[in-house]
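Subject: Structure handover

Hello,

Here is the structure for your files. My notes on it follow below.

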Amino acid sequence: MTGDDAAVLDDPVGESLRGHHAHLARRVGRAATYLPDVSTFAAVSADPDATDWSDLARLLGRDAFADLFSSPATPPPGWEPVFVLEGRQMTWSGGAPAPAAATHDAAPGGTHIVELGAADVPDMLGLVARAKPGPLWSRTRELGTCLGVREHGRLVAMAGERLRPPGWTEISAVSTAPEARGRGHATRLVTALATRILSRDERPFLHVAEADTGAIALYERLGFTLRKRVTFRGYRTP
């Protein structure tokens with residue numbers, strides 16, 4: 001995949017909403033966001049003008065959260081900053097994952113990787129509350145495949161597909177309950193998802209907070225490399 005093919009990763013939210021996730025999008029003009037309870041991510045054009053910002057404000061509503069993710073666009077005065085977080089965008093640079101790590105074979109303790117569905121949403125939300133990987137909503141699983149690990153019936157780890165710009169799939173929500181860390185669950189889940197993505201002739205990518213050095217080290221071991229540094233931003237509409 002060439003550098004030009006990776007250019008879609010400069011606007012992963014917008015590219016997803018215009019393409020693979022169009023059925024999950026709401027739009028006004030050139031502004032777009034996901035349906036409620038799927039994601040808070042929103043996008044404007046690459047060169048937004050006053051009309052685009054007005055359309056996004058109308059789409060989201062007054063005093064609403066506008067999660068611009070990694071977009072470098074700066075809203076006009078009157079949009080209140082909510083958060084700024086430095087991060088990295090990393091892309092898969094290796095070949096096929098090691099077969100043993102990519103399978104659904106039992107992990108230590110007899111646990112297995114399982115695909116998570118609608119019935120698992122309460123457990124997924126509970127795990128997020130304990131592991132705090134980032135936001136997850138009741139319909140986020142509709143963005144793509146979610147995999148999990150259960151121990152004695154309790155969901156203790158998960159990871160899923162999120163943004164889907166053309167030719168790429170983002171791995172996200174990588175989380176392990178505090179009491180289950182150090183058992184290799186994250187490695188197995190990320191590798192299993194990467195295997196699925198590569199089997200579709202797409203490439204995996206992900207985002208990680210700059211301060212999360214442990215996660216960065218894990219992803220580097222698994223074959224991800226830095227594509228670019230990004231700044232995540234959120235605002236409140238006027």
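Which residue just after α4 takes a positive phi? That residue is Lys 132, with a phi of about 55°. Please bear in mind that this is a predicted model.

The sheet

There is an open sheet of 8 strands with mixed pairing, in the order β4-β11-β5-β10-β9-β8-β7-β6. Its edge strands, β4 and β6 (113–115), each pair on one side only. From one strand to the next the twist averages 30°.

At the β6 end, β6 and β7 are antiparallel and joined over 3 bridges; Glu 115 has Leu 147 in β7 as its bridge partner.

Helix α4

Helix α4 packs on the sheet, where it touches β7, β8 and β9, and its direction makes about 95° with that of β8. The buried residues of α4 are Val 121, Met 124, Leu 127, Val 128 and Ala 131. Because they cover an arc of only 120° around the axis, they lie on the same side of α4. An α-helix has 3.6 residues a turn, so residues three or four places apart point the same way. The strands that these buried residues of α4 pack against are β7, β8 and β9.

The cores

The largest nonpolar core has 36 residues, and Met 158, Ile 171, Tyr 219 and Phe 224 have the most contacts inside it. The elements giving two or more residues to this core are β5, α4 (121–131), β7 (146–151), β8 (154–161), β9 (168–176), α5 (185–199), β10 (203–209) and α6 (213–222). Of these, α5 provides the largest share, 7 residues.

What does Ile 171 touch, leaving aside its neighbours within four places in sequence? Its contacts are Gly 160, Val 190, Leu 193, Ala 194, Ile 197, Pro 204, Phe 205, Leu 206 and Phe 224.

Another core, of 20 residues, lies apart from the largest one; among its members are Leu 17, Leu 143, Phe 205 and Phe 232.

Regards

Conventions:
Residues numbered from 1 in each chain as written. Predicted model: local features only at pLDDT ≥ 70, side-chain atom pairs only at ≥ 80, totals over all residues. Heavy atoms only, no water. Core = buried A, V, L, I, M, F, W, Y, C linked by side-chain atoms within 4.5 Å. Buried < 20%, exposed > 50% of the residue type's maximum accessible area, 1.4 Å probe, protein only. Helix = DSSP H or I, 4+ residues; strand = E, 2+ residues; numbered from the N terminus. Contact = heavy atoms within 4.5 Å. Arc of directions from axis to C-beta. Pairing = 2+ DSSP bridges. Axes fitted to C-alpha atoms, helices over the stretch in contact; angles between N-to-C directions.
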